[in-house]
Amino acid sequence: MEHFRYENNELYCEEVSLAELAEEFGTPLYVYSKNRIIDSYRSLQEGSPGKSVNICYALKANANVGILKVLVAEGSGADVASGGELSLALRGGFSPSKIVFTGVGKREDEIAFALKEKIYCLYAESLQELQLISRIAHALGITARVGLRVNPHVDAESHPYITTGLNHHKFGIESGKIIEAFQYAASLPSLEVVGLHTHIGSQILKLEPYRATARYLASLVEQLRETQIRISHVDVGGGFGVPYDHVVHHEGLGREDRPNNSAPAASEFIATLLPILEPSGCTVWIEPGRSIVANAGVLLTRVLYTKENRKKKFVVVDAGMNDLIRPTLYDAYHQIVPLKIDTYEQEIVDVVGPVCETGDFLARDRSMLKTKQNDLLAVMSTGAYGFVSSSNYNGRLRPAEIMVSHDKVRVIRQRETFEDLI
Ligand code: LLP
């Protein structure tokens, strides 16, 4: 059963009416389906029947501790990108032995924190970072497990801001220098080199970039072996794309004229990677974020006003770019639907927020069902990079977050108050 669906013209999350949630908890409001998160997590394993990939959920997609606990119960590991995310991962209950630390600019205090907590490994992205990890580990009298992130120069063909695997990007160590970097790491005191890491981008909708990356990584493992460097795991990063259009259906919604953005199933990404990487003898790790949570979340918002001028019709809602930055930053598309359908009449509108910037929009020139003042809307597929990227810009309070499981409703983050702004 779909976790977000219309019943009698009313949108539900699992067994709970979203309109009732909006009335009870106010808007803007993030709502997540617990069982959708679980299903998405499990579907990653379906690409590898009988075999397994080691999943380290990327906290940057959604780090609400209530969600982290669901993934811990599923047996997930964690990919953290800062000391703050590491503290959230520990608070969520992830075993340190299942945590990896990624990122191009780790600070000394963050490295020390990770080493003291005995996380599984840190992925270094430069020789200077390797040196620093070695120095801190030595001072602490411990051996630090490290992996090296390689930049494979593979085009993920995603939005330029979230494509990370090309030579002009800041990420990783370039392929021409990676063997040397491994040798350097092996020569440093207090380091144990355990893995090879990469991440080519996010919202990737094709299998081919993964095929090319996996082939490159497999050949790199071979080359490393020839230089007597043996690693035990290869981490391919995250990036598996998800569908953003037509995620919820109703005959009244009509079909928007959208380019073909269909995404392979999560299991297809895994099924592409495993056969190429497994013969290397290394275990295969992944760091999915979006594919686990994006379509498990919605942002509910209320129509404050509707107005039109000679050029455009505007639907002014109470959620803005501070609550959901994706449309502004990446021109990202999110389906926007009414919580109650009472007309099939369509109109073309800009859905805009209250923030004092022209870039504050959730949709532009969007054909959608006609709305009126006080209507409630759902911005779909906002479980990933939604709340985590929100801010207090314009003195706006960040929304509450709610988790739904069957007919149970739990507040997993309180709405901010004016006190939080001080
Ligand atoms: N691993 C690393 C090292 C990463 O940098 C990322 C995402 C992931 C894993 C998880 O990727 P995912 O499976 O979620 O695609 N704010 C942007 C997305 C930024 C992605 C940053 N890195 C957006 O809203 O689309």
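The ligand lies between domain 1 (34-290) and domain 2 (295-421), because both give residues to the shell around it. Those bounds come from an automatic or database domain assignment. This is a predicted model, in which local features need pLDDT of at least 70 and side-chain atom pairs pLDDT 80 or more, while totals for chains, interfaces and linings use all residues. Residues are numbered from 1 along each chain as its sequence is written, and side-chain values use heavy atoms, without hydrogens and water.

The shell has 17 residues, each with a heavy atom within 4 Å of the ligand. Ser 202, Glu 287, Arg 290, Arg 326 and Tyr 385 are the closest. By class, 5 are nonpolar, 6 polar and 6 charged. Here Ala, Val, Leu, Ile, Met, Phe, Trp, Tyr, Cys and Pro count as nonpolar, Asp, Glu, Lys and Arg as charged, and the others, Gly among them, as polar.

Now the polar contacts (pairs of N or O atoms within 3.5 Å). The side chain of Asp 79 places an N or O atom 3.2 Å from a ligand nitrogen. The protein covers 90% of the 590 Å² of accessible area that the ligand has on its own (Shrake-Rupley method, 1.4 Å probe).

About 40 Å³ of space lies in the largest cavity. Its lining includes Pro 338, Lys 340 and Asp 375. A cavity is a set of points on a 1 Å grid over the protein atoms alone where a 1.4 Å probe fits but cannot get out, and lining residues have an atom within 4 Å of a point; the volume is the space filled by probe spheres set on the points, joined across faces, edges and corners.

How values were computed:
Polar contact = N/O pair within 3.5 Å; in protein donor to acceptor, adjacent residues only side chain to side chain. 1 Å grid on protein atoms, 1.4 Å probe; cavity = no way out; pocket = protein on both sides within 12 Å on 5 of 7 lines; lining within 4 Å.
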